[in-house]
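Hi there,

Here is the structure I promised to pass on to you. Have a look at it first, and my notes follow below.

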Amino acid sequence: MRYIAEAVASGQLSGNGPFTRRCQELLQWELGAAQVLLTTSCTHALEMAALLLDIREGDEIICPSFTFVSTANAFVLRGARPVFADIRPDTLNLDEKNLSALITPRTKVLVVVHYAGVGCEMDALVAVARERGIPIVEDNACGLFGSYRGKYLGAFGDLATLSFHETKNVICGEGGALIINDPQYIRRAEIIREKGTNRSRFFRGELDKYTWVDAGSSYLPSELQAAFLCAQLECRKEIDAARSAIWRRYQEGLTEWAHCHGVQLPFVPHYCVQSHHMFYLLLPSEEAREELIRYLKIRGILAVFHYVPLHLSEMGLRYGGYPGQCPVTEDVSDRLVRLPFYNALSEIEQAEIVQALTSFEVPRQPVRREAIASNP
Ligand SMILES: Cc1ncc(COP(=O)(O)O)c(C=O)c1O
């Protein structure tokens, strides 16, 4: 509230003021990026990435099917065709083994998503993309300050994106950031974020007037959002400590029950530091998942499913998606449930959730739906 009052008192509420710069500098310094630009959302940061990479009609982009719609849509807006990759059954991240088979001469970018803030197999993905000369964009909406083999998520791609939507760890209501690791994109990114003008250079005193120089849009958040975000970023260690305690309590409280009932808990490879964004369960069947959601709801506990496979969405089908195309995604999407997870979740509330879960008898004879493999 103090920072917001400061922003109001300063008389500058539009973007690119002191709080925007403070957030950008903090992120840039922490993540070791060449440049970080705050944006109005992760979706808009992805749209900026598509503009920066000159994505056009007829281009293809590879992304996981198990992700939020913006991962694909930002590139579809520029005319690209999304090519959907299946995921690994352990981390639920894009399966690096599938990548080479999906690359064609039209592939213009690989967009990876660090599901639940746990790193993808970046060594393998970067190696394939480098060999084929394909840039990488990391959609790191949920993985801020997570790392893979000692390097921050968001530091591997030519570009990466973050979300500060209120459902994330560090928030400002609606907001995001574009992380630029390849300095060749810095100048144009500033222009794209400022409606295609060179206004940023004008405000730095590098030009005596500003003008329209490129395609662009309005991707700059206001100082009010930046002020809120600045306080959140400064509290990042406290936020992570609270969330990591919540994550551990779920893990400790549920491991035995999960083992006895064929329920899979999140898998975090030993070389990954996760962002403690989410705790999910993979039930043995869709029916068991639905029953658990109903059971918890009766007890006043809201547990929800997650991404619906993009290749089977209305838009995905228009791009040639078909049942069986990404079998792991289809299976996981049916069986996954997310548990309540927010910074202020108290130990007492969490104990009640764990108690409710461990008294749930997972249906014994799960009816597993087989993925129907049919190519239209
Ligand atoms: C992987 C992923 N990418 C992008 C987004 C979009 O983020 P935003 O709401 O900041 O646009 C989300 C939202 O949850 C997401 O999960």
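The axes of helix 9 (residues 223-234) and helix 10 cross at roughly 65° and come within 4 Å. Axes here are lines fitted to C-alpha atoms, for helices over the stretch in contact, with angles from 0 to 180 degrees between N-to-C directions; helices (H or I, at least four residues) and strands (E, at least two) are DSSP runs numbered from the N terminus. This is a predicted model, where local features need pLDDT of at least 70, side-chain atom pairs count only at pLDDT 80 or more, and totals for chains, interfaces and linings use all residues. Residues are numbered from 1 along each chain as its sequence is written, and side-chain values use heavy atoms, leaving out hydrogens and water.

Where the helices touch (heavy atoms within 4.5 Å), Q232, L233 and E234 of helix 9 meet R236, E238 and I239 of helix 10. E238 belongs to helix 10, which spans residues 236-261. With a relative accessible area of 52%, E238 is exposed (over 50%; under 20% is buried and in between is partly exposed, using a 1.4 Å probe and protein chains only).

Strand 8 (residues 159-163) and strand 9 (residues 176-180) run antiparallel, joined by five bridges. T161 has L178 in strand 9 as its bridge partner.

Enjoy exploring!

Definitions and conventions:
Two strands pair if DSSP finds at least two bridges between them.
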